[in-house]
Amino acid sequence: MAMTETRAIEGRSIEGRGPWRLAWERLRRDRVALGAAVVIVVIVVLALAAPLIADWFGHGPAQQFRKEGTTEFGLPVGPSGEFWFGTDNLGRDLLVRTLYGARVSLLVGVAATLCATVIGVVVGMTAGYFGGKVDSVLSRAMDVVLSMPYLLLALVLVAVFGPSLPLTIFVIAFFTWASIARVVRGQTLSAREREYVEAARSLGASDRRIMFVDILPNIVAPVIVLATVLIPLAIVFESVLSFLGLGIVPPTPSWGSMLSEAIAFYRVAWWYLIAPGGALLLTTLAFNLLGDGVRDALDPRAERLFATRRNRRRRSLRRRSGGGR
Amino acid sequence: MLRFVLRRAAYGLLVLWLVTTTVFLLVFAGSSNPAATLAGRQATAAQVELVRERLGLADPLYEQYFRFLGGLLHGDLGFSFYSNQPVAEYILTLLPRTASLVLGAAVLWLAVGLVVGVFSATHPRGLLDRAATGFVLVGLSMPTFLVGLLLLYFLFFRLNTEFGIDLFPPPGYASIEEAGVGEWARHLILPWITLAFVQQAIYVRLTRSSMLEVLGEDYIRTARAKGLAEGRVVYRHGLRAGMTPVLSQFGVDIGQLMGGVLVTETVFGLQGMGQAAVSAVTTGDLPVIMGVVIVISLFIVVANLVVDVLYGVVDPRVRVS
Amino acid sequence: MTEDVLLRLTDVVKHFPIRRGVFFRKEVARVHAVDGVSLDVRRGETLGLVGETGCGKSTLARCITGLHPVTSGEIRFDGEPVDGLDRARTLAFRRQVQMVFQDPYGSLNPRRRVGSIIGDPFVIHGIADGPERRRRVQELMELVGLNPEHYNRFPAEFSGGQRQRIGVARAIALRPKLIVCDEPVAALDVSIQAQIINLLQDLQAELGLTYVFIAHDLSVVRHVSDRVAVMYLGKVAECGATERLYDTPRHPYTNALLSAATVADPDVSARRERLVLAGDVPSPVRPPSGCRFHPRCPKADETCVAQEPPLEPKFGDAAEHTAACHHPVADDEVLVGSGDAAKEVPRWR
């Protein structure tokens with residue numbers, strides 16, 4: 001099998017087609033995941049361009065347009081040429097606010113997940129590699145954090161320290177690192193028993209070198225999958241916190257807080273509900289689909305709940321051409 | 001078996017202790033001026049002083065801690081700043097509301113999750129399977145409050161105003177004593193669906209994959225070969241083994257469920273423990289928050305213990321390890 | 001024995017504790033993996049180490065290379081003790097003793113490129129860097145029979161035999177004195193086995209290496225070894241020069257092993273008298289008393305149950321052919337003797 005591959009590639013420079021390259025190619029062929037990735041890129045671009053768009057319209061995110069933006073009863077105005085997404089009850093441009101809300105959600109989602117990942121990887125690898133008492137202590141810590149009712153403790157934290165952006169990021173990261181650490185610990189434990197780790201040790205490699213050069217590349221894949229799933233969870237977490245008034249402080253727009261304001265007005269202003277709600281749904285859906293795609297690209301043997309059209313077509317072709325089972 | 005139960009109970013107590021101590025430390029020691037924190041952000045200097053005296057905040061920390069623990073064991077959770085009512089009493093009035101929500105939703109999502117999951121597993125790639133799959137994906141992506149809001153909008157508002165269908169009432173809670181079971185259930189349908197919607201996604205997926213794995217095992221094939229009816233094979237033999245991951249997931253979910261509960265209560269105005277806690281944050285009513293957190297943690301620990309014991313009953317291997 | 005001893009094991013014992021309990025892990029039993037082994041390995045020779053699964057040969061290998069600290073006993077390499085060394089001396093020791101592993105699929109990190117894997121020793125010991133390292137690695141690849149242009153490939157793109165060559169290249173990178181080969185060909189196809197064995201022998205001649213060659217295939221061991229040690233349940237049952245041992249095995253266990261070795265010619269095989277051992281290998285957690293082989297030995301009696309036999313020459317054999325048995329196999333009891341040996345225990349090409 002490897003032999004024919006050698007002959008085919010001879011002639012060109014002999015570059016290895018390692019596991020990363022293969023995964024990348026699998027991902028490229030997954031149209032659903034690619035679509036999701038495109039959507040995410042668009043959202044990111046729009047979020048980054050939010051100030052520009054605000055300028056172009058001439059509507060700031062916290063600017064209230066009482067005259068054009070509200071009816072004579074002080075109710076929001078629907079989508080129009082002036083306000084593409086309509087306004088909220090204070091006459092603020094919903095389109096601009098939704099875009100600014102994207103900035104917050106993306107920032108919190110990515111930052112919190114990044115922090116949680118770094119902490120989780122370090123703790124998980126340490127626990128898995130060194131074992132013994134270190135592992136016992138760290139595993140207990142992970143178990144405790146995972147069994148704590150996170151939203152309740154978040155309540156207390158916010159009550160004591162007051163809601164803010166950094167606190168929100170901290171809360172989300174604090175309750176997420178343990179799931180990453182647990183996965184990393186499991187992966188490290190199995191990687192540790194492999195012969196190539198023994199080989200490295202027999203060569204005289206230090207523990208640190210073994211962890212970073214030998215074990216880390218093997219655990220990166222499941223960590224990436226987990227992270228792509230955790231980002232949308234973090235975004236949702238932030239929106240829940242903001243919805244309850246525990247997250248981002250108004251007037252900074254956040255999809256969650258916009259939705260909580262919408263409760264009072266949705267009967268007369270459906271756009272107030274749909275704009276931030278739709279944006280939230282779209283973003284999390286895109287991240288989840290991308291996460292599924294990444295997971296399948298990195299581990300194609302895993303049983304898939306949501307088969308793509310490509311796979312179904314392939315399978316029916318195989319069946320028609322009289323394949324085995 | 002007894003040792004297993006004791007071990008799990010001890011662990012649960014440990015978590016409970018940790019949660020209460022964390023809450024205590026955060027509130028009483030987390031800020032530089034705990035009296036000011038406890039008095040709320042609107043308090044005047046005189047009120048802060050009053051709080052400090054009444055709660056004995058000038059005493060050394062460990063004294064306060066033991067007083068705190070002692071109070072807990074006597075069921076004393078302090079007094080609400082907002083209403084001056086004893087917190088424990090207050091929570092007791094809220095309990096039936098939250099319990100109605102949680103129990104009803106749990107029945108709903110477990111039933112849906114198991115039935116749809118088993119059906120998907122036994123008819124893979126059929127129409128229902130694909131529909132369920134899509135539903136699962138949407139369910140996993142939506143935050144609970146969004147589900148609630150959308151349900152409220154479409155099923156309550158639009159139906160009522162445009163079609164005059166009065167099926168779903170305006171948001172609020174109706175207790176059984178005052179309005180009868182029918183009204184009580186009617187007010188809770190949308191909240192139940194909301195809370196269950198996200199959860200069922202997890203359970204359908206879990207049940208499906210777990211059952212698929214179990215149904216592929218040799219002993220299932222043997223049962224079929226013996227001539228047992230398919231229903232018996234699936235439900236008596238297959239489900240028993242396939243249940244265990246579902247059960248363990250349930251244990252995990254009880255803790256994570258609180259988020260959904262808080263949010264659902266807020267959206268539908270049910271005035272349960274969750275909503276009380278949330279409004280308490282806005283008003284700075286810390287004793288209420290602490291009380292709710294501790295009571296809910298207690299229930300979570302107890303529920304986890306029950307699940308663990310059930311798990312031990314269903315899967316004997318757990319008891320031995 | 002005035003010959004140059006490179007590696008000397010004296011009464012090496014390695015036990016693995018079995019612990020129970022959640023918080024306070026109490027030891028309830030031990031696995032007696034290696035239970036008192038004394039061996040010498042001379043410079044430039046190949047010492048074969050045979051035994052069934054669980055006899056402790058892999059554990060012994062790891063003790064020799066320093067991967068497991070010994071429970072008691074001493075290992076001396078080139079006169080220097082191997083245990084309790086500080087970091088600098090441990091590193092120096094690692095340069096001298098290396099290992100080739102059994103599993104060509106597990107012993108190479110699938111996420112690293114081959115050039116990086118082979119170049120690891122150079123980085124760890126700070127010997128060569130950058131283009132110099134690359135040159136050296138490619139040199140090694142040529143030496144073991146790999147195409148140096150495959151420097152950037154991943155292990156998954158190589159066949160089993162080629163991967164084993166990669167493992168060998170990694171082991172000889174630092175020009176060690178001693179290489180412990182832990183069943184290096186057991187996982188390979190038969191035709192490939194011959195290639196790898198020839199490679200190992202060529203390298204031995206070219207680089208002046210000393211081998212401890214562990215295997216459970218007797219014909220392979222016979223082909224490569226100068227001397228052979230047979231292990232059973234953590235102790236050495238018999239040890240001696242290859243041909244002597246295969247001709248006149250003194251320990252009943254060796255006798256049985258040799259008689260059970262498969263033979264190509266069906267007529268010879270049918271004529272052969274086989275000694276079938278009763279029972280399974282007992283657990284190393286609770287080894288039998290006295291001579292460990294007594295539950296399965298056809299010649300066992302009360303002495304065997306009571307007393308452990310010492311490892312010494314029997315029946316006037318040369319001093320270096322030793323066996324641990326109270327009732328060693330006499331010449332006429334040998335099942336596969338010198339006459340048949342030439343035909344029956346296949347020679348390796």
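Predicted model: local features only at pLDDT ≥ 70, side-chain atom pairs only at ≥ 80, totals over all residues.
Residues count from 1 along each chain as written, chains are lettered from A in the order written, and side-chain values use heavy atoms, without hydrogens and water. Local features need pLDDT of at least 70 and side-chain atom pairs 80 or more, while totals for chains, interfaces and linings use all residues.

Visitor: How much area do chain A and chain C bury between them?
Guide: Contact means heavy atoms within 4.5 Å, and 29 residues of chain A touch 33 of chain C that way. Buried area is the accessible area (1.4 Å probe) lost on putting two parts together, summed over both. Carbon and sulfur atoms carry 52% of it here, and the total is about 2,900 Å².

Visitor: Which residue of chain A forms a salt bridge with C:D120?
Guide: The rule wants a side-chain nitrogen of Lys or Arg within 4 Å of a carboxyl oxygen of Asp or Glu. Three such bridges cross between chain A and chain C. For C:D120, the N to O distance is 2.3 Å, and the partner is A:R209.

Visitor: How do the rings of B:W109 and B:Y203 sit: stacked, edge-to-face or tilted?
Guide: Rings of Phe, Tyr and Trp (its six-membered ring) pair with centres within 6.5 Å; planes under 30 degrees apart are stacked, over 60 edge-to-face, the rest tilted. This pair has 5.9 Å centre to centre and 40° between the planes, so the label is tilted.

Visitor: How far apart in sequence are the parts this pair ties together?
Guide: B:W109 belongs to helix α5 (residues 87–122) and B:Y203 to helix α8 (residues 176–215), both in chain B; helices are DSSP runs (H or I, at least four residues), numbered from the N terminus. The pair therefore ties together parts separated by 94 residues.

Methods
Helix = DSSP H or I, 4+ residues; strand = E, 2+ residues; numbered from the N terminus.
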